[in-house]
Structure formats: C-alpha cells, structure tokens
Amino acid sequence: MDTTSPTFVALDLLGVFAFALNGALTAIRVARLDIVGVVTLGMLTALGGGMVRDILLDALPPTTFRDWRYLTVAAAGGLVAFVAGLSLDRLARPILVLDAAGLSLFAVSGALKGLDLGVGFGQAVILGAITAVGGGTLRDVLIREVPSVLTSGLYAIPALVGALLLVAGDRAGLGDLPSATVGAVVCFVIRLIGVRFDVQAPRPPGDAREA
Amino acid sequence: MDTTSPTFVALDLLGVFAFALNGALTAIRVARLDIVGVVTLGMLTALGGGMVRDILLDALPPTTFRDWRYLTVAAAGGLVAFVAGLSLDRLARPILVLDAAGLSLFAVSGALKGLDLGVGFGQAVILGAITAVGGGTLRDVLIREVPSVLTSGLYAIPALVGALLLVAGDRAGLGDLPSATVGAVVCFVIRLIGVRFDVQAPRPPGDAREA
Amino acid sequence: MDTTSPTFVALDLLGVFAFALNGALTAIRVARLDIVGVVTLGMLTALGGGMVRDILLDALPPTTFRDWRYLTVAAAGGLVAFVAGLSLDRLARPILVLDAAGLSLFAVSGALKGLDLGVGFGQAVILGAITAVGGGTLRDVLIREVPSVLTSGLYAIPALVGALLLVAGDRAGLGDLPSATVGAVVCFVIRLIGVRFDVQAPRPPGDAREA
C-alpha cells in the first residue's frame, strides 16, 4: 500500500481530525484549561502516537511534524472542540465512532510503517498499537488521569489485533491493501462492540477494588 | 545569528540557570522531594525543552546534553534552589523576571534552530514554543501538576508570539539578529504584563469552574 | 567489555525480567489496571530507561526494541506479575534484591554504552542513571505517582555512584570488566543498605512536611 497516495492521506487526516476533536473534548471534561491547553492537547492526542512511533523508528523529523497538513488539521480539530465545547456532548456517540475509525486506521498504518522500515513482526505490532493509543496516553498524563488505555475497556486490544492482522497478512503474502482493510475493519468492529456492551479486559486476580 | 558566538552562549546559559532555579523552586513548593529530586527537576526544567526540540529535529545527541556547560549550569541552578530553599521566596519577583528572560531567549533560539535545520514556517514557531515551555511541562508532569502552561496566564502565548516574530522577520529578510531581538523583547514584555496584571487566556464557553 | 557476549546479554535479560516483575507489581498495588495495563507497565519499567538512553544517544531504533528477546522477557515478567498478582507479596524481599541487581546492572551498562558511543564523562554517568531509573519513572508518571526516585530513599544515588565508578575506572585504564564489576557491586550494596535501614537522601531545609 502506498502510504503517500491521496486516498491514504485523506483517510489519515480524517483520523487526525477525529482524534484531535475527541482528545480535546476529553481534556475539557477533566481539567480546567485555556485555549492554549485545549488546542495543544487536541494536537497531542492526534499527533503524539505517530511522533513516538517515528522517534522509535528513527524516522525523524516525524511525518506528522514535517507535513503542514497534519498540524493544520489537528489544530482545527482542537479549535472546533474549544469553540463548541461541551455542547458537542450531544454528538458524543458519532464522535466515538469517528474515534474508533481513527484508532483502526492508526493501528494498521503504524504497523505498516514499521514493516516498511524493516522492524520485526512483534515490533511492528507494538508500533501499530503505540501509534493508535500513544497520543491519548500522552494527553491523559498531562491532565493527570491514569491513561484510560491501561484501565478501561477495549481500546488497546482492538489496536493490537488490527496491527497483528496487518502484519500476519503481509507475512502471508496477501498484499498490503487487503491486509490493512481486514485489520482496520476487525479493529473497528471490536472497538465498537467494546463501546456498545462496555466489555472489560481481564483484571488481576484478587483485585478487591473491582466494581 | 551565530548560535555558537560567546554572547549567544552566555545569554543561553543565563536562561538555563534561571529556568533551573525557578523550576527547582516550583518543584519544592509542590512536592516532597529529596536532593536528587530537586536537582533533577531543576535540570529537567532547564534542559527538557531543548531536548524535545532536538529529538524532533533529529539533532541528537541534544546540544544541552553534549556541552558540559549546560549540564553544569543547570545542576548549579538546582543546587542553589536546594540549599537556599524557600528562603528564596523573598526573591520571587526577580526570579520571575529572570524566568521571563529565559522564556524569551529559548523561544527565539528554538525557532532559529528549527529554521537553520530547514523545517517550515509553522513548525519553527512550534519548535520555539516547545523549547520555551517543554521543560516546565515535563517537570509539572513528574510532580503531578496539570502543566501550568495549559491552564494559567500568559506563558505559552508570549513564547508563540516571540517565535512567530523571529520567523516572520527571517522570512522578510530582516536578518537574524534584529528579528531575534524584536521577538525576544516582545515575548518578554507580554510575559511581564501577564505576570503583573494576571492576564488569562480565553477559556472554553460554559466552563462553570471558571473562578 | 563486550556488551554482546552471551554472559552480558544473559545478565541484562535477568535485569529486564526483575524490573518487569517488580514494575508490574508496583503498578498493581497503586492503580486499578487490566491485563493490558499491567503488562504494558511492566514492559515500560523494564525497557523505558534503555529507550530514553538510546534516544539521547541517537542509537535508534533502541536495542531493547530491536532484539525480540528483550520484548519477550519483559512481557513474560509483566504476565507473571499479572497472573500471580498480590500473592507475590510474600516474595517482596527477594524481588527487591532482584530489582537492586537490575538497578546495578543497568547503571553500569548504560554508562558503558554512553562511553562506547563517545559522550563525555558527566554525560555517561547521567546516562547510566537514566538507564537504571528511567523506566520506573515513566511507570510512576503513568500511574500518577510522584516518581519514587525523586522522593524516597536511596535509589538514584546508588545508580549514580555505580555509573561514576564505571566511568572513573574506565578513565583510569582499569579495563571495562573490573570497572563494571566494582561499579555494579557498590551500587548493589548501597541500594540494599538503603532498603534494609530505610536511609533517606537529604531534603531541602525548612521542609515542614518532613515526617
């Protein structure tokens, strides 16, 4: 799959917008922020995962930093969240669906970039997951939340499954586009099932705090 | 502007000392730390922003890490804060002025380094702001504060304006030294106005927690 | 010292396992996590310090990320902690000893890698300490604890001493293996004395919160 094709970039930018919007809204709900804080956290949510991936891959400066469209779309998502603020709560469900689409896309595109740059099987899967959940984790650290990816529901697991399917398909010689499509769709469906039925990943035995 | 000239390096080291001192004092006020913690957080405040800038620019190892003077001056600032401790509170205002000077200098020098290494207009402005506020943000994360740059007063905004003026002046062919001087002075003045009159950046609409 | 010799790698992997186990157990005690969170935090504790070191040294992708054995051993340590959970509390003391061994090994191996890649005296010492305490610091940030290395007991200091002895021995021409052995043993002994007698590093004067 050509990661510079117009279709791919358009999909990627859609994911960036969704992550920036949802990331900024999450930040507004939790912390008392000004305009700089809201836009910064939206941009960090959208671009942080790809930046960590590119640092680990030594693909610097990060793509999301070199291409002005990424910075612009991410800033736009954060600004929309700032202006509309909590009145977007009515759109919480569509925004979650958009966020799940971003998660799926980032998981497969991150794994694909790892394979392109020659890392191993396991590392490519981990890079896909880092791309998908890294930005939200950085945001949660800045607003003093325990990152939701470590504690709640199905968020990291669909990203890992999606990246795994992409890598497995690539190894099996299925071609990038079919592998990526299968990986992204499966990630998207698992994530939506998790949202709909509030599925939780297993917790350690004897965790008395389990509600 | 020659960023290796003695004048530039002396100014830069003054900014490093101011950031390390103020950063360590902020950490002492908020968290219960031992000597390792105080000195580490002072050094991180002073050098962290430049390190993140150099990672994103692929200018590794970071300058602040390669040149022993940066490490020494930063450690000295942290040690002074540790020894003098809260008795420095009498000097809170001069230290804030020194910190504003560091902010101004880091904003323009960070943007300048970005331009030197060939990044675009917007990226250079962001790199200037990251250099200026990155270290304090890392410190706040380690002591479990929501980074003050995201929530309070004019801190990121003067850094962005200073970096923007430097980049705009450079594009307009005004030369590095005049552009950097104008950028730094404007950043410094806005920051001091913010400190003096407790100006706040806009908050999201409907933020009921607004005091 | 040949950092690729089987003996060295076996010792290094033992340290990785100890850090992943202890790191994941610490995380379980403090935060409410699912399986993804426990394993991720164990891996981050074990591999995070080396990753930060390799980023600062521009030795990317990080060794701990390139070699599948590091990822596998770290994941295994996290999984053991998840499955056994708080029933491992009976083994708290042996695990602390193992963790002190990991600390010692990472401090000298981190400093050694810095010297190999040509950084200066002070930087190599700092890199050793970062390798030893960086992973635990990242874990503490994610679970919203003020990093224990900044506040409590002898943890950073033995790492700094061990790295300093390695660097000093290397400069004095003692050879890598004797220097590393002395550095690691001294670090290990100081750390165990700190654990046994609950020694604390000095705090700032006038710290009224001192218990």
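In this predicted model, the contact between chain A and chain C draws on 28 residues of chain A and 31 residues of chain C. Chain A also touches chain B, with 31 residues of chain A in contact with 28 residues of chain B. A rotation of 120° with 0.0 Å of shift along its axis places chain A on chain B at an RMSD of 0.0 Å. The two copies are thus related as by a three-fold rotation axis.

**Interface of chain A and chain C**

- About 2,400 Å² is buried between chain A and chain C, and carbon and sulfur atoms contribute 65% of this area.
- The number of salt bridges between chain A and chain C is zero.
- Two residue pairs are in polar contact across the interface of chain A and chain C, both at pLDDT 80 or more.
- On the side of chain A that touches chain C, at least two residues each come from helix H2 (35-56), helix H6 (121-142), helix H7 (148-151) and helix H8 (156-171) of chain A.
- H6(A) gives the most to the side of chain A that touches chain C, supplying five residues.
- The side of chain A that touches chain C comprises 16 nonpolar, five polar and seven charged residues.

**Interface of chain A and chain B**

- Between chain A and chain B the buried area is about 2,400 Å², with 65% given by carbon and sulfur atoms.
- Arg32(A), Asp34(A) and Phe65(A) together supply 30% of the area that chain A buries against chain B, more than any other three residues.
- Polar contact across the interface of chain A and chain B is made by two residue pairs, both at pLDDT 80 or more.
- Helix H1 (6-30), H2, helix H3 (63-66), helix H4 (68-84) and H6 of chain A each provide at least two residues of the side of chain A that touches chain B.
- H2(A) gives the most to the side of chain A that touches chain B, with nine residues.
- By class, the side of chain A that touches chain B has 22 nonpolar, two polar and seven charged residues.

**Relation between the copies**

- Chain A is superposed on chain C with an RMSD of 0.0 Å by a turn of 120° and a shift of 0.0 Å along the axis.
- For this pair, the copies use different surfaces, as 14% of the contact residues of chain A recur in chain C.
- For chain A and chain B, only 13% of the interface residues of chain A are also interface residues in chain B, so the copies meet through different surfaces.

**Fold and dimensions of chain A**

- Chain A contains nine helices and zero strands.
- Read from the N terminus, the elements of chain A follow the order α-α-α-α-α-α-α-α-α.
- A compact globule of 211 residues would have a radius of gyration near 17 Å, and the 17 Å of chain A agrees with this.
- Along the principal axes, the C-alpha atoms of chain A fill a box of roughly 50 × 50 × 30 Å.

Methods: Residues are numbered from 1 along each chain as its sequence is written. Chains are lettered from A and ligands numbered from 1 in the order in which they are written. This is a predicted model: local features need pLDDT of at least 70, side-chain atom pairs count only at pLDDT 80 or more; totals for chains, interfaces and linings use all residues. Side-chain values use heavy atoms; hydrogens and water are left out. Contact means heavy atoms within 4.5 Å. Buried area is the accessible area (1.4 Å probe) that two parts lose on being put together, summed over both. A salt bridge is a side-chain nitrogen of Lys or Arg within 4 Å of a carboxyl oxygen of Asp or Glu. A polar contact is a pair of N or O atoms within 3.5 Å; within protein, one must be able to donate a hydrogen and the other to accept it, and residues adjacent in sequence count only if both atoms are side-chain atoms. Helices (H or I, at least four residues) and strands (E, at least two) are DSSP runs, numbered from the N terminus. Ala, Val, Leu, Ile, Met, Phe, Trp, Tyr, Cys and Pro count as nonpolar, Asp, Glu, Lys and Arg as charged, and the others, Gly among them, as polar. Copies are superposed by least squares on the C-alpha atoms of residues with pLDDT of at least 70 in both. The radius of gyration is taken over C-alpha atoms; the globule rule is 2.2 Å times the number of residues to the power 0.38.
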